[in-house]
Amino acid sequence: MSLRLNINNEDRLSVSDPLTPLVDVLRDEFFLTGAKIVCREGFCGACTVLLDGRPVMSCLMPVGLAEGCAVLTVESLARDGVLSSVQQAMEEHDTVQCGMCFPGMLMTLTSFLEGARAPTREDIKAALVGNLCRCTGYERIVDAALSVASTA
Amino acid sequence: MKEDEHLYVARSLPDALAALADRAHAAAPLAGATWIMRAPIRRERLAPAYVAISRIDELRHVEILESEIRIGACVTHAELAISLALLPECRALAHAAGNSANPAVRQVATIGGNLCASAFAASDLAPALICLDAEIDLETSGGSERMTVERFLEARTSVGPGCLVRGVVIPRAARRSVHIRLPLRKAGDYPVAIVCLAATLNANGIVENARVAVGSVEPAARRWKRLEADLIGHPIDPLRAAEKAEEYAGDFHARDGVEAPGWYRVKVLGSLVRRAVQALQEERVDVAPSQHQ
């Protein structure tokens, strides 16, 4: 039996077992390789996607529980080749290093900055508690997020 | 539920109970899934099938009534933190829900799932619920049962198949409560130890009633009755409480873990108790004498 999913605003059918982690379905079945598999424990945040607008760890989400929800991955952020405001700010602040954590960082910050009113540096750090950067590039990432918040 | 189905998404409580009964010993309830999806990492076997209960509407509400607060089993940590944010009596639980794990896990992980994860010693919610005298509603195809959270934590591995946690009930009281945790890093880690304290004070600042619960030290959270007894009848005093905690530290048989050895978990209890009593003391000014019970 196939699962009906909505991924990046497109209806898709998955033939995966419903207990398969969503991140595996995204990467292996639909070739959306932005979400990264790193810890598989919900600690690192590299696999963060938005489920009905909320950031979730797709390594801990059985794809069967994503049925009927809107899934957004990092591939959805740029439209017609134009980066989102968060992506643009990251580029302007020269934040990207190895890139492993970045899709997750972007999804968490996209969701957070949509709902936050005048967030402080501490607020942004708190929002990123579940997104680890092994290159330890946090300060510039926070700078970039603050720049988006200040122009919103 | 079909024989070869690995995940059945239930739409109502009777539907979930029927699906669990269909597969008798083979199916288990699944709420937020954040613990069960990590079973392979813990080298644990997955159940042959799961009945997902997270879409059941009646399990997803927090009801704040005059005499009690009812929390559905599938209320997430994030929802719980928001729902209880304005209730000083439940500050321990709101803080526990809003500071455990990380934001993305809190969006999904549920109170029912947290309490049912019997191998998870570092639950933030469990000691907070114990200090608030919370009880659990269990549902089976044969009927309902209510027991204290502390009793449930002891009995949960022997709860029969076909049984699921329907929700948690917290009695209302004019108490103040705090939740103090010690992770090795500022955030994102499992806590080394947790101390939760709920107390009512009389107009003279004397402790009339106290509950102390300790989590993450032993395999399951539990009350610290000897310390509770020593707090009652005395003015609230962080240093005295810390001294007593150090004196009674031998009450715990702490677990070793990758993040901390057992002796260290016990060693920090005095400091955590001091911080808990101090935090409660700082909240005292908000309590009007007429609110005491």
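Which pattern does chain A follow, read along the sequence? Chain A follows β-β-α-β-β-β-α-α-α-α, where helices (H or I, at least four residues) and strands (E, at least two) are DSSP runs numbered from the N terminus.

## About the model

This is a predicted model, in which local features need pLDDT of at least 70 and side-chain atom pairs count only at pLDDT 80 or more, while totals for chains, interfaces and linings use all residues. Residues are numbered from 1 along each chain as its sequence is written, and chains are lettered from A and ligands numbered from 1 in the order in which they are written.

## Chain A overall

Chain A has five helices and five strands. Its radius of gyration is 15 Å, close to the 15 Å that the globule rule gives for 152 residues, so chain A is as compact as a globular protein of that length. Here the radius is taken over C-alpha atoms, and the rule is 2.2 Å times the number of residues to the power 0.38. Along the principal axes, the C-alpha atoms of chain A fill a box of roughly 45 × 30 × 25 Å.

Of the 152 residues of chain A, 49% are buried (20 or more other C-beta atoms within 10 Å of the residue's own, with C-beta atoms placed from the backbone).

## The largest nonpolar core

Now to the core, meaning a set of buried Ala, Val, Leu, Ile, Met, Phe, Trp, Tyr and Cys residues joined through C-beta atoms within 7 Å. The largest one has 149 residues, and those touching the most other members are Val51(B), Ile53(B), Leu93(B), Val195(B) and Leu197(B). Strand β10 of chain B (residues 191–201) gives the most to this core, with nine residues. In soluble globular proteins, nonpolar side chains tend to be buried together.

## Strand β3 of chain B

Strand β3 (residues 49–52) of chain B is covered on both faces: Ala49(B) and Val51(B) are buried on one side, Tyr50(B) and Ala52(B) on the other. Strands pair if DSSP finds at least two bridges between them. Three bridges join β3(B) to the parallel strand β1 (residues 7–9) of chain B, with Leu7(B) partnering Tyr50(B). Four bridges join β3(B) to β2 (residues 27–30) of chain B, also running parallel, and Pro29(B) stands opposite Val51(B).

## Where the chains meet

The contact (C-beta atoms, placed from the backbone, within 7 Å) takes 22 residues from chain A and 18 residues from chain B. Strand β4 (residues 54–57) of chain A supplies the largest share of chain A's side, four residues.

Definitions and conventions:
Buried ≥ 20, exposed ≤ 12 C-beta atoms within 10 Å, placed from the backbone. Contact = placed C-beta atoms within 7 Å.
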